[in-house]
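Good morning, and thank you for joining.

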Amino acid sequence: MLINNLIREENFYHHFQPIYDLNNWRILGFEVLLRSKLFPNPEATFIEARKEKKLYELDSGSIHKAISTYRSAGLTKSKGKLFLNIFPSTLLHPNFPTFLNKIIAEDVLLSQQIVLELSESEINNKMDELKQKIAVLKNFGFLIAIDDTGKGYSNAQSIVELDPDFLKLDRYFSKDLHLSKKKQSYIQLLNNYSVQNDCSVILEGIETPSELAVAKTLDIQYGQGFILGKPSLLEQII
C-alpha cells in the first residue's frame, strides 16, 4: 500500500514557516509542515493514513523526522521554538509514552523548545484524558498550542480546559482584518484572555501590509503568514 511504503521509507519531508515576534521582528520559531511527492497535499496524506489505520505511525514518524532535521541543521539554539502539529489521537495512543521517552533521551534540552500544536477542530470528547497527557508533557518542558482557534465548535472549552501556552488564531481572522471591526473585536477579546492567563496569541495567515499593520495595532505579539515568510525547505532558510 502507498501509505505503508511512505511511512516505512520515510518518503516525506518538511517545509518550515517562520513565526515572528511582531514587536521586535525576531523569529520566535518555525511551524513544521509535512510534504510528500506521493500525495497532492498533506490533508490527502493524513486522510489516507487514517483510512489505513496508520495515522499514529505517520504522525509520530513525521514528528521524529522533523526534530532530527531541525537538530542536524544546528537550529535548535539559534532559531528558537519548533511548532509541531500533532493529532490528539497520537497523544492518547498507548505507544506515545515510549515515543516521548525516545525524543527526550535523544536531546533533553530540545523538549523545552518544542511546541505541540493540537488542531482545535480535531479535539475530541476525551477531554479529561487529554488534560492528563498535556500535564505530563508540560512537566517534561514541552509547550502546547491550540491550532485553528476559532474554527471549531468546542473552542472555548478547549482553551479553558487544556490551558495552552499559545493560541493560534485561524487564518479566517487575518483575512481582510483591516476591513472588519468584528474580527478586530474578537481578536482583542482573545488577546485580553491570553494576557491574563499566561498565554500568547499567534495570528496565522497574515498576507498583506494592511493586515499586518492592524495586527500590530491590536497588540498581537506573534504573527505567521506569507508576508512574513513562506514555508520553505530548511536549507533555503539557513
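I shall begin with the basis of the model and then turn to the cavity, a strand and a helix.

This is a predicted model, in which local features need pLDDT of at least 70 and side-chain atom pairs count only at pLDDT 80 or more, while totals for chains, interfaces and linings use all residues. Residues are numbered from 1 along each chain as its sequence is written, and side-chain values use heavy atoms, with hydrogens and water left out.

The structure holds one cavity of 30 Å³ or more, and the largest cavity has a volume of about 50 Å³. A cavity here is a set of points on a 1 Å grid over the protein atoms alone where a 1.4 Å probe fits but cannot get out; lining residues have an atom within 4 Å of a point. The volume is the space filled by probe spheres set on the points, joined across faces, edges and corners.

Which element gives the largest share of the lining? That is α5, with four residues. The lining includes I63, I67, L116 and F142.

Strand β4 is largely enclosed by the rest of the structure, because six of its six residues are buried, meaning under 20% relative accessible area with a 1.4 Å probe, protein chains only. I114, L116 and L118 cover one side, and V115, E117 and S119 the other. Five bridges join β3 to β4 in parallel, and I86 stands opposite L118.

Finally, just after α3, G74 takes a positive phi of about 75°. Thank you.

Notes. Helix = DSSP H or I, 4+ residues; strand = E, 2+ residues; numbered from the N terminus. 1 Å grid on protein atoms, 1.4 Å probe; cavity = no way out; pocket = protein on both sides within 12 Å on 5 of 7 lines; lining within 4 Å. Buried < 20%, exposed > 50% of the residue type's maximum accessible area, 1.4 Å probe, protein only. Pairing = 2+ DSSP bridges.
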